[in-house]
Amino acid sequence: MTLGTAPHLPNSAKQATATINYQVAMPHPENHLFEVTLHLVDYSSSALDLKMPVWTPGSYLVREYAKHLQDFSATSHNKALNWQKIGKNHWQVETNGASEVTIKYRIFANELTVRTNHLDPTHGYFNGAAIFFRIPEFDKQPIRVAVETPNPQWQVTTTLPVVEEQKNTFIAADFDTLVDSPFEIGTHQLHDFEVNGKPHQLAIYGKGNVKVEPLIEDIKKIVEVEADMFEGLPYERYLFLLHLSAQSFGGLEHKDSCSLIYRRFGFSDREKYERFMQLVAHEFFHLWNVKRIRPKELEVFDYDQENYTPSLWFCEGTTSYYDLLIPLRAGIYDVDSYLNNLSKEITRYLTTPGRKVQPVAESSFDAWIKLYRQDANSPNSQISYYLKGEMITLLLDLLIRSRHQNQRSLDDVMLKLWQKFGKDEIGYTAEELKQVIESVAGSDLTEFFERYVSGREELPFNEYLEPFGLKLVADKVDEPFLGIKVVSNNGKESVKFVEYDSPAQVAGIDAGDELLAIDGIKVTANKLSARLKDYQPQENIEITVFHQDELRTYSVTLAEPRANKYRVAPVENLSNPQKDNFNGFLGV
């Protein structure tokens, strides 16, 4: 079953695009193996190059999808063809002049995330980059995909148009479109609804406590708010694909759909429900920002290697900024909830030491080797381009609003980017992005970008919040600073993180140590804070740990308390200009 009223392809067009044909079967879903057949018709070269993408757009990590491929074979009219693997993701087949070539292989799929593949007796899910070969010479050719389900009760949901009179067969305009169109196969729920005269669908896989009707009503509100911001919807139909699982959280954007994964019982608690709606707002916002409005470096995807850009802070950070604002504007939560959520984000930012080490432009560029490959020192040396990008976007929005009495805002920046770059999918350079922001702000922002995007200066939150009657307040801490984070794991108290230049690090405590005692008395992760409150700054304590199974005791001199929680709160006695600014910003 496909989404809404999918367009049908006329027979003449079918014949014209019959060059590349894929079949995806799953006869034994319990073995987690998709069985893929690629059939090429009217092929004319002496050698066929096949490349499995190493990453998928929207998720900036080389994931080496080829590692899941097995049982490769190549034939022509049932006669074997010679082939060799000439790179980690590159197969080459000697066709010997054969005009028809059949490639068969299997893909192991047992990882349920928004960017990988999953197959078991309950369903099948796959992303194009993780299952289909790219044929470089045919990047712009139409590609047909036929899906064989293991039983007739399973349905197929994707945003690709269906091929007329061929069951579960779809066609992608080109390889980029195929990569951008995930498939859900099984007995999932399907719910149709309409927004702004266009068909939408919510597909839900898995069991949970989600209440569909209120969820759809809130999704519709988010779609309407974002559509109004960009003056319309740039697609003919849209699919929200939701996977319910035990603990997972995430999303991946596509031009006409998004894949979401969320905790199956995360919908009855109001705070968790609002977090899910922020995820929806985030991924839906991406259909403009990133999928169509994107950096020059991502204008044409290179599926064989990293695609470096310094602008992910805007792609992801600005989207993160709006994923808090959109539910407020949609009436899903109120101003107090918004400020509470913003406070949590600022707290995360100001309690990450790496913000003083890594510029956000560098964080964007190094996404491929750092953000998704965290280690024990990452919080000391890195800052997320999501998080700092969100903070910078907040300051830019407040700057623009303050200078123009709320008659301009970052909304105008987004609309201008959409009109100048997004509609025609022309990639912008980092300098062109800056110029558009400056044109809306009405001033030169070179110093701002040098200090906060290319530089590592602390963000002056209160300077930008004050004109809007808001201030950032650090909550009082009544325990001296030690500088470690400890978690309980299988009966052990494990040190997960040691802050750079903290009392713990200076003393020699290391991430991975097992915390045992303070001053000879056992301590656990949930009791550590309470124990520290019994001491004063500059007081010496003895901390006992197992370091690589060796018992060690360190003398630690505690430091002055450090804030670990921040709140965005209204200032006292707001002036009339502050009231006007506040209402213009958050009055909805």
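In the predicted model, helix α10 spans residues 410-422, helices being DSSP runs of H or I of at least four residues and strands runs of E of at least two, numbered from the N terminus. Within α10, L410, D411, V413, M414, L415, L417, W418, F421 and G422 are buried, where buried means under 20% relative accessible area, exposed over 50% and partly exposed in between, for a 1.4 Å probe and protein chains only. These buried residues pack against α3 (212-229), α4 (270-285), α5 (312-329), α9 (385-403) and α11 (430-441). At the start of α10, a side-chain oxygen of S409 comes to within 3.1 Å of the backbone nitrogen of D411. Residues are numbered from 1 along each chain as its sequence is written. As the model is predicted, local features need pLDDT of at least 70 and side-chain atom pairs count only at pLDDT 80 or more, while totals for chains, interfaces and linings use all residues, and side-chain values use heavy atoms, with hydrogens and water left out.

Two of the helices that pack against α10, α9 and α11, also pack against each other at an angle of about 30°, with their axes 9 Å apart; axes are lines fitted to C-alpha atoms, for helices over the stretch in contact, and angles run from 0 to 180 degrees between N-to-C directions. The two helices are therefore roughly parallel to each other, given that angles under 35 degrees count as roughly parallel, over 145 as roughly antiparallel, 65 to 115 as roughly perpendicular and the rest as oblique. The contact (heavy atoms within 4.5 Å) brings L396, L399, I400 and R403 of α9 together with I437, V440 and A441 of α11. Its residues divide into six nonpolar, no polar and one charged, with Ala, Val, Leu, Ile, Met, Phe, Trp, Tyr, Cys and Pro taken as nonpolar, Asp, Glu, Lys and Arg as charged, and the others, Gly among them, as polar.

Helix α4 is mostly covered, with twelve of its 16 residues buried, including Y273, F276, M277, Q278, H282 and F285. The end C-alpha atoms of α4 lie 22 Å apart, which agrees with the 22 Å that its 16 residues should span at 1.5 Å a residue, the expected span being 1.5 Å times one less than the number of residues. At the start of α4, a side-chain oxygen of D269 reaches to within 3.2 Å of the backbone nitrogen of E271. Q278 is also one of the residues in contact with L324, together with Y333, Y338, N341, L342, E345 and E390, when neighbours of L324 within four places in sequence are left aside. L324 belongs to helix α5 and counts as buried at 4% relative accessibility.

Two histidines are likewise buried. H200, in strand β18 (residues 198-205), counts as buried at 1% relative accessibility; its side chain reaches the backbone oxygen of K198 at 2.8 Å and makes a polar contact with the side chain of Y235 at 2.7 Å. A polar contact is a pair of N or O atoms within 3.5 Å; within protein, one must be able to donate a hydrogen and the other to accept it, and residues adjacent in sequence count only if both atoms are side-chain atoms. H254, in the loop between β20 (250-253) and β21 (257-263), is buried with a relative accessible area of 1%.
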